[in-house]
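Open the model in your viewer and keep the sequence panel beside it. This tour moves from selection to selection.

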Amino acid sequence: MDRIIRHSPSSRVRDLIARQPAGHAMLGHFYSDEEIYQFDCERVWRAGWLFAGHSCEIPNAGDYFSLEVDCDSILVARDGNGQARALYNICRHRGSLICEHAAGHARRLVCPYHRWTYDLDGRLLHTPGMPEDLDKAKLGLTPVHLRETGGLIYISLAENPPDFDHADEVLGTLAKPQGLAGAKVAKVVDYIAKANWKLVWENNRECYHCNANHPQYIKANFDHYNADDTTPRIRELMSAAVSRSEAKWAAAGLAVSHKQPGMTTFPDAERNIWYSANRTALVDGYASETMDGARVAPLMGDYPDEDVGTLRMRTLPNFWNHSSCDHAVSTRLLPRGPQLTAIRVWWLVAPAAVEGRDYDLAKLMPFWQLTSEQDWEICERQQRGVNSRGYIPGPYSTHKEYNVDAFVRWYLKQLEAVEL
């Protein structure tokens, strides 16, 4: 495959970057402009690591799933040696998509157009109607970089992707007790949000909006409080929850890694830290992020009992996860255009859990389904607003939107990046 050429920002894009006011929401063009969207695809989506899916979605040789990153269709499959592979889902003959289904099982990958046949590792095996001396070794499916860590699958469309080793250590270590690698997918829901992907990320990075928009979430969590509104009583409750958890979790090899009011700081724009994970205590009386705080499924992974708080993971540009003692909820973003974002939400449970006996979707799903759909509505409403000629970026709250400011600075650095 020919190398994709990365262009430098046009004078117009450079002018927009220069005019972006520090400490303020972004100019409207960053959320709606086609040229900006193409630079996003090049400098963000095809330059770093993307969350693709869960290892437990392809447990056996021949299992596969597909995803689309803008116009690129990617196939993720488990080969005959048990190794996960990522491949461009494009036949090397005349470019037809090979697998049109979102997921499935196959012994071989057969192009429906002219029946060119590939092994699960991408090797070309059979080319009906072609000369016998055709060099099949040069016509295998184009590979995509892939890494698995803690039951999470990441891909990179970059020719030379950024280092993944430290992300592997951070995510893999904290995710291990959750048992995601051997989990079971209880439910998947797909959404198309009529909003730019950056609006969705910005909304995720602050809880300024939580009190007014997330009545379920704020009952279970402390991170909607910040330095400006954390009363002595709330600090006392937080301190008690952290102290109780620290004492109990230490025996199980777990630790409270976020103890302060507000959301954990992420990303680190200056050091280009695009991954983060932490465990935090829930409000007293909440064993799980469910409507009433009660556990609704069997314990996952290595957890000895239900008092483990929540494991939270996030990786730019497209993944966050909240995992309780009994279930995990993952969210993946993929770009569909300047004002469209494809969103997939997974609910995962212990591998032996049986629906109707060990868990009920009507109890498992509402907490995060409601919270997620509330967010998509917020983002769509904001998209309509920033499209207006009357939109002028306002200042961020230093108490509550520090992570949004950090995200904007991280994003602008990606856009300004120079190809070496």
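Predicted model: local features only at pLDDT ≥ 70, side-chain atom pairs only at ≥ 80, totals over all residues.

## Stop one: a helix crossing

Select α4 and α9: α4 passes α9 in a right-handed crossing (the near helix is turned clockwise from the far one by less than a right angle). Show L199, V200 and N203 of α4 with D375, W376, I378, C379, Q382, Q383 and V386 of α9; these residues make the contact (heavy atoms within 4.5 Å). By class, six are nonpolar, three polar and one charged. The axes of α4 (197-204) and α9 (366-386) come within 9 Å and cross at roughly 125 degrees.

Residues are numbered from 1 along each chain as its sequence is written, and side-chain values use heavy atoms, with hydrogens and water left out.

## Stop two: α2

Select α2 (34-45). Nine of its 12 residues are buried, so α2 is largely enclosed by the rest of the structure (buried: under 20% relative accessible area, 1.4 Å probe, protein chains only). Among them are F39, D40 and W45. The buried residues pack against elements including α1, β1, α4 and α10. Now pick D33, which caps the N-terminal end: a side-chain oxygen lies 2.9 Å from the backbone nitrogen of E35.

## Stop three: R46

Step on to R46, in the loop between α2 and β1 (50-54). R46 counts as buried because its relative accessibility is 18%. Show D72 too: the side chains of R46 and D72 make a polar contact at 2.7 Å (N or O atoms within 3.5 Å, one able to donate a hydrogen and the other to accept it; residues adjacent in sequence count only if both atoms are side-chain atoms).

Conventions:
Helix = DSSP H or I, 4+ residues; strand = E, 2+ residues; numbered from the N terminus. Buried < 20%, exposed > 50% of the residue type's maximum accessible area, 1.4 Å probe, protein only. Axes fitted to C-alpha atoms, helices over the stretch in contact; angles between N-to-C directions. Nonpolar A, V, L, I, M, F, W, Y, C, P; charged D, E, K, R; others polar.
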